[in-house]
Amino acid sequence: MTIRPATTEDALAISALIGSLAHHFLIHADGSQADAFLMTLTAESIERKIASAELDYYVSVFESQMTGVISVRGGTHLFHLFVSEDFQRKGIAYALWTHVKNIYGWSSSEVPVTVNSTPIGVPFYEYVGFRQAGPRAEKNGVAYIPMQLAVMELNSLKE
């Protein structure tokens with residue numbers, strides 16, 4: 001598996017990957033009340049995000065197939081972390097997480113690192129050192145749990 005910076009040519013595959021997992025974080029499986037949010041996941045929207053200076057995107061690829069995506073906003077907010085269902089539970093999320101943690105120096109950082117986790121993603125984020133920072137929230141048809149990386153936990157996860 002290779003992890004590399006995403007390019008605008010990856011936007012369609014990233015959009016398809018995240019879209020295939022939307023049922024895990026939408027409040028209503030049919031996407032009702034989530035139109036505005038779902039528009040942020042189109043290939044065109046992802047392409048604009050990749051091209052912007054605000055977000056950094058990385059993808060994991062195995063035998064020319066995109067297996068996962070991770071993005072960071074402003075150097076301190078984990079914006080996206082998704083792994084294709086066919087590749088889940090194979091260490092890809094952890095590899096993507098470790099990749100960005102090392103790039104941004106989160107192992108030694110005292111700057112708050114945050115994520116809005118999907119309900120299904122909470123166990124993974126707790127495993128890598130995040131703790132719930134607020135109650136479950138629902139906005140634009142999406143359910144999420146705000147989390148923050150615990151510095152004490154982070155220091156114990158140094159590699």
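Hi everyone. Let me start with Glu63, which is exposed, with a relative accessible area of 66%. Before I go on, please keep in mind that we are looking at a predicted model.

So where does Glu63 sit? You will find Glu63 in the loop between strand 2, residues 55-62, and strand 3. The phi angle of Glu63 is near 45°, and that is a positive value in a residue other than glycine. Most residues other than glycine have a negative phi. Ser64 belongs to the loop between strand 2 and strand 3 as well. Its phi is near 65°, again positive in a residue that is not glycine. Is Ser64 buried or exposed? Ser64 counts as exposed, because its relative accessibility is 73% and the cut-off for exposed is over 50%.

Now let's follow the chain into strand 3, which covers residues 65-73 and holds Ser71. Ser71 has 0% relative accessibility, so Ser71 counts as buried. Which residues does Ser71 contact, leaving aside its neighbours within four places in sequence? They are Asp56, Tyr57, His77, Leu78, Phe79 and His80.

Phe82 is buried, at 12% relative accessibility. If we skip residues up to four places away in sequence, Phe82 touches Leu17, Ile18, Leu21, Phe25, Thr67, Gly68 and Val69. For a sense of distance, the C-alpha atoms of Phe82 and His99 are separated by 14 Å, and these two residues are 17 apart along the chain.

Let's turn to the aromatic rings. How many aromatic pairs does the count come to? It comes to nine. One of them joins Phe25 and Phe82: the ring centres are 5.6 Å apart, the planes make an angle of 45°, and the pair is tilted. Phe25 lies in the loop between helix 1 (11-20) and helix 2 (35-39), while Phe82 lies in strand 4 (residues 77-83), so this pair ties together parts that are 57 residues apart in sequence. Phe25 is buried too, with a relative accessibility of 3%. Elsewhere, ring pairs link Trp97, Tyr104, Trp106, Phe124, Tyr125 and Phe130 into a cluster.

Please hold on to Phe82 and Tyr125, as both come back in the next part, on the largest pocket. What is the volume of the largest pocket? It is about 1,100 Å³. There are 38 residues lining the largest pocket, and the closest to its centre are Leu81, Phe82, Thr118, Gly121 and Tyr125. Several elements each supply at least two residues of the lining: strand 4, helix 4 (92-103), strand 5 (114-117), helix 5 (122-127) and strand 8 (142-149). Which element gives the largest share? Strand 4 does, with seven residues. Sorted by class, the lining has 21 nonpolar, 11 polar and six charged residues.

Let me pick out Thr118 from that group by the pocket centre. Thr118 has its place in the loop between strand 5 and helix 5. With a relative accessible area of 17%, Thr118 is buried, because the cut-off for buried is under 20%. Not counting residues up to four places away in sequence, Thr118 touches Phe25, Ala143 and Ile145. There is Phe25 again, the ring that pairs with Phe82.

My last stop is Ser117, in strand 5. Is Ser117 buried or exposed? It is buried, at 0% relative accessibility. Apart from residues up to four places away in sequence, Ser117 touches Val122, Tyr125, Ala143, Tyr144, Ile145 and Met147. The side chain of Ser117 also reaches the backbone nitrogen of Val122, at 3.2 Å. Then there is Gln148, which is 31 residues from Ser117 in sequence and 10.0 Å from it in space, C-alpha to C-alpha.

Notes: Residues numbered from 1 in each chain as written. Predicted model: local features only at pLDDT ≥ 70, side-chain atom pairs only at ≥ 80, totals over all residues. Heavy atoms only, no water. Phe/Tyr/Trp six-rings, centres within 6.5 Å; stacked < 30°, edge-to-face > 60°. Helix = DSSP H or I, 4+ residues; strand = E, 2+ residues; numbered from the N terminus. Buried < 20%, exposed > 50% of the residue type's maximum accessible area, 1.4 Å probe, protein only. 1 Å grid on protein atoms, 1.4 Å probe; cavity = no way out; pocket = protein on both sides within 12 Å on 5 of 7 lines; lining within 4 Å. Points joined across faces, edges and corners; volume = space filled by probe spheres on them. Nonpolar A, V, L, I, M, F, W, Y, C, P; charged D, E, K, R; others polar. Contact = heavy atoms within 4.5 Å. Polar contact = N/O pair within 3.5 Å; in protein donor to acceptor, adjacent residues only side chain to side chain.
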